[in-house]
Amino acid sequence: MNYLTGKDMVEMGKIFVDGQDIGNHTIRQIRDKKVSHIPEDRMVDGAASSASIAENMISTKIDSQYLNKGLLMNRTAINQMAEKLIEYYRIKCDGSQQLVGMLSGGNIQKVVAARELASKPRLIIANQPARGVDVSAAEFIHDKLLELRGEGSATLLVSADLNEVLGLSDSLIVMYDGEIAAYFKDSSKVSELELGMYMLGSKKMNKEEIGGLMDE
Amino acid sequence: MNKTGNSRQFEIIRTLAAVGIAMAAAVIIIFIVSKEPVNALYNFIVGPFTSLRRFGNILEMACPLIFTSLAVCVMFQANQFNMIAEGGFFFGALCAAIAAVKLPEITGVSVTAALLAGGIGGASLGAVPGILKAKWNTNEFVVSLMLNYVALYLGLYLMNTFIRDTNAGSKVSLKFQEGFRLPNIVPGTRIHLGIVIAALVVILIYLFLYCNKWGYSLRITGQNSKFAEYSGINTFMVILFSQILGGAIAGLGGAVEMMGIYNRFQWSALPNYGFDGITVAIIAKQSPKLVPAAALFLAYLRTGADIMSRSSDVPSEVISVIQALVIVLIAANSFLSGWKHRMLVKQSMNELAAEGGK
């Protein structure tokens, strides 16, 4: 995940987004390619808990024309955008100036999701997007991911929750011991039991079966 | 009243409580050590307001404190515990002094040039721990603390070599040229144009930190550098830049102090304004908006203590006690937190009750 999002530089192999190698791009450059990233741990990477909701929502787009007025930042635009996202993502709070650290886990995750998904990304890298949040928030985030998929955003979902994976994904890749162990083009035809076999490494697909992956 | 406003209100009450307790402790100490406590207290608390000159003393002492504490604010907000405000202030003052002795006198330009020299001097000093921290993750606290002494002795060497007045009895520089002095703005006091410059810098730094994307990046990096990095903010540059800017502000403060108060460079030790700047920044909760008030408060205490030590039997060191107590009480995060907790619970209960009533 660190390679995909630019946190670490790639030493071997190549990563392509829209046909361009992003292996040695910085995080900023990757984000400029409209790649969004919902991180695994919202309190470490995903949010600054002592900053306000509005401040957390603009962290990835501070260079945008819309939020700046000359040298200064456009406060009205920032607050308007934050209020709109709070309403749209149904974040429970006292307003856009409340500190993120005072929200519940589910609402913090919604702040993260709102920031990452609102910019109509080309590619969404969602690392356990609903980990440790309440059922309604999880469902809400899943709905948003599906909605964006319908609008043409590619989504790479990484999750330890099999129901999440099976319920959301179109196709599945199982990795075991650093290698791709299985590839299912249509996730609705896979059972949890079968998936489990590949995940534990007791079964592995051969090259031809996985080969379909490269045609995509 | 929402919870955010409430928590800000709480911080203000907490700061005032800390100041109040410290003042009470000072009063008790004065009563213990003094044979004429009432006279001492009168001079300490009312003394600074008894004449225009004394009141002027408060303002002129607040001026350097505003600069150094702004420098500290900028660096602390980026989570860089850099102590370079001290050395930066000293070195900035020295650079300005060299400019004021050596550069040709041109009306209008010369003062700006000397101020600029001070700023650049301070910035170059701040850059050292900044580069080391950003590139090799050295501890900026230790580096800057040591660097202060490098600045002191390098500064004294430069002064001795280039601008020393060989006719003077002590180690002082040549007199500054008249065109390099900051004009006095209130007759009868030593209040100089520097206080106006300080006010301008306060506004600029406030706008920078809270209304500019660079300042925003700086604050976010300070609050959670991993989050900043994840968001695509160049944390390397922020870490470096915050310390250069902090050094520059401190250096500018040194230059202003030098050209406003003195007519020749005569410091032979670090003037301690940088460390007092840290005190002020802590009282002001690292917010540029509150820095002038906090600086005036400390300057008031200092002036009062000075007057007290001159006109009674209490030494001026008493205010170190106050200063230490204020810092301890403000820095102690759990001070009054039980009270805050009860406030929050009560408020939530009220909200619930209000919703139930609908």
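Select Arg219(B) and Glu55(A): both are buried, meaning under 20% relative accessible area, while exposed means over 50% and partly exposed is in between, with a 1.4 Å probe and protein chains only. This is a predicted model, in which local features need pLDDT of at least 70, side-chain atom pairs count only at pLDDT 80 or more, and totals for chains, interfaces and linings use all residues. Residues are numbered from 1 along each chain as its sequence is written, chains are lettered from A and ligands numbered from 1 in the order written, and side-chain values use heavy atoms, leaving out hydrogens and water.

Stay on that pair. Arg219(B) and Glu55(A) form a salt bridge, with the closest N and O atoms 2.8 Å apart. (A salt bridge is a side-chain nitrogen of Lys or Arg within 4 Å of a carboxyl oxygen of Asp or Glu.) Arg219(B) sits in helix H8 (residues 213-223) of chain B and Glu55(A) in helix H4 (residues 53-57) of chain A, so the pair joins two chains. Helices here are DSSP runs of H or I with at least four residues, strands are runs of E with at least two, and both are numbered from the N terminus.

Now show where the chains meet. How many residues of chain B are in contact with chain A? It's 22, and they touch 35 residues of chain A, where contact means heavy atoms within 4.5 Å. Which element gives the largest share of chain B's side? That's H8(B), with six residues. By type, chain B's side divides into nine nonpolar, eight polar and five charged residues. Nonpolar covers Ala, Val, Leu, Ile, Met, Phe, Trp, Tyr, Cys and Pro; charged covers Asp, Glu, Lys and Arg; the others, Gly among them, are polar.

Next, hop over to Glu116(A). The side chain of Glu116(A) meets that of Arg31(A) in a salt bridge (3.1 Å, N to O). Glu116(A) lies in helix H6 (residues 105-117) of chain A and Arg31(A) in helix H2 (residues 27-32) of chain A, so this pair ties together parts 85 residues apart in sequence. Shared partners join Arg31(A), Arg115(A) and Glu116(A) into one network.

Last stop: Lys135(B), in helix H5 (residues 109-136) of chain B. Is Lys135(B) buried or exposed? At 52% relative accessibility, Lys135(B) counts as exposed. Select Phe236(B) too: Lys135(B) and Phe236(B) are 101 residues apart in sequence, but 7.7 Å apart in space, C-alpha to C-alpha.
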